[in-house]
Amino acid sequence: MPAPRTSDPSALFEAARGGDRVALARLLSLVERGGDPSRTVAGLAFKTPGDTYSVGITGAPGAGKSTLTDQLITIGREQGVDGAGKVAVLAVDPSSPFSGGAILGDRVRMQSHALDDGVFIRSMATRGHMGGLSVAVPDAVRVLSAVGMPLVLVETVGVGQQEVEVAAATDTTIVVVNPGWGDAIQANKAGLLEIADLFVINKADRPGTAQTRRDLELMLDLTELGAYRPPIVETVASKGEGIEALWTAVGEHRAHQIEHGTLDRMRRRRLELEFHQIVAARVGERIDAMADTDHFADINSAMVAGDIDPYQAADRLLAEVLRDRPGS
Ligand SMILES: Nc1nc2c(ncn2[C@@H]2O[C@H](COP(=O)(O)OP(=O)(O)OP(=O)(O)O)[C@@H](O)[C@H]2O)c(=O)[nH]1
Ligand SMILES: [Mg+2]
């Protein structure tokens, strides 16, 4: 069935649920772009929950995330989370404002799956408006879930707060580091230690693997952990080494969460976080929209003149923003 020649979200959604990959790609473009069509898509996906497990792969640029993801596609296709099944990949590119649907390097490294109908690979870039990737990526994962993808892999470069947030918004988050002095410490500084459900030391064919493992263990020792201690897996992604062990560790993390009831709890918490981010983005947009108004200038002048302090100025502006309700 060819993709409907339409940008109507509902028609695209139905087609994508029927297995139409072009329609699915278009839906994800709508999600990426934001605005009203994106909200319609998000709403449809939310009402059609699927049974999806999401795995985030994050780490410094060049750590081998795409090479690892490529290997995880293979094992995910063979074994899946609950048996063999389709695999979807979202390669998140924080740097470019428009993806056009392709990050060349990532595509090349995942090329071995280009002809596999059960593999869907998509790049995503920052949307032009507030909320950005932290809002777009969870929406995209829900779309993939709604069209029947049992496993979604999300690759993000773990630099910057927003990317770390995106990486953390998956059921199992894999943090990739490399051997060598200080790599684990850099990962810690980037806030990656806190979000890791498991660590991968990739490029374990290089010297310094044991030292990096010791660094990670030490940092874990200094961290307050619950009942679960993130394991450390060594891989040589370019040779496919350690991938079985990594996949086993993902399965164990999932099993641990299910056993302790934390999977549902974490998903609920992430949904609440999304809600907060949407509210914050909306309020932010409205404040920005007010920035050109006389009222804003008046508040600002009063503050600069010393009549009100910055907190009072903020109170006045917020009161104005909240009074002026959408649709009224
Ligand atoms: N020696 C060695 N090289 C590897 C290994 N895994 C990946 N590489 C190489 O490391 C380079 C970067 O790999 P990518 O998979 O593109 O890394 P990435 O983390 O996705 O990079 P960005 O998406 O650009 O941040 C490539 O040249 C890979 O071939 C490994 O286990 N050992
Ligand atoms: Mg990559």
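Modeller: Start at L90, whose bridge partner in β4 is V154. That link belongs to a set of 6 bridges joining β2 (residues 87-93) to β4 (residues 151-157), two strands that run parallel. Strands here are DSSP runs of E with at least two residues, helices are runs of H or I with at least four, and both are numbered from the N terminus. Before going on, a word on the source: this is a predicted model, where local features need pLDDT of at least 70, side-chain atom pairs count only at pLDDT 80 or more, and totals for chains, interfaces and linings use all residues. Residues are numbered from 1 along each chain as its sequence is written, while chains are lettered from A and ligands numbered from 1 in the order in which they are written.

Now widen the view: β2 and β4 sit in an open sheet of 7 strands, ordered β3-β2-β4-β1-β5-β6-β7 with parallel pairing. Two strands pair if DSSP finds at least two bridges between them. At the edges are β3 (119-125) and β7 (232-235), each pairing on one side only. From one strand to the next, the twist averages 20 degrees; angles run from 0 to 180 degrees between N-to-C directions, with axes fitted to C-alpha atoms, for helices over the stretch in contact.

Helix α7 (residues 161-168) packs on this sheet and touches β1 (53-59), β2, β4 and β5 (172-177). Contact means C-beta atoms, placed from the backbone, within 7 Å. The direction of α7 makes about 165 degrees with that of β4.

Follow β6 (198-202) out, and K203 lies in the loop between β6 and α10 (209-221). Phi of K203 is near 65 degrees, a positive value in a residue other than glycine.

Notes
Two residues are in contact if their C-beta atoms, placed from the backbone, lie within 7 Å.
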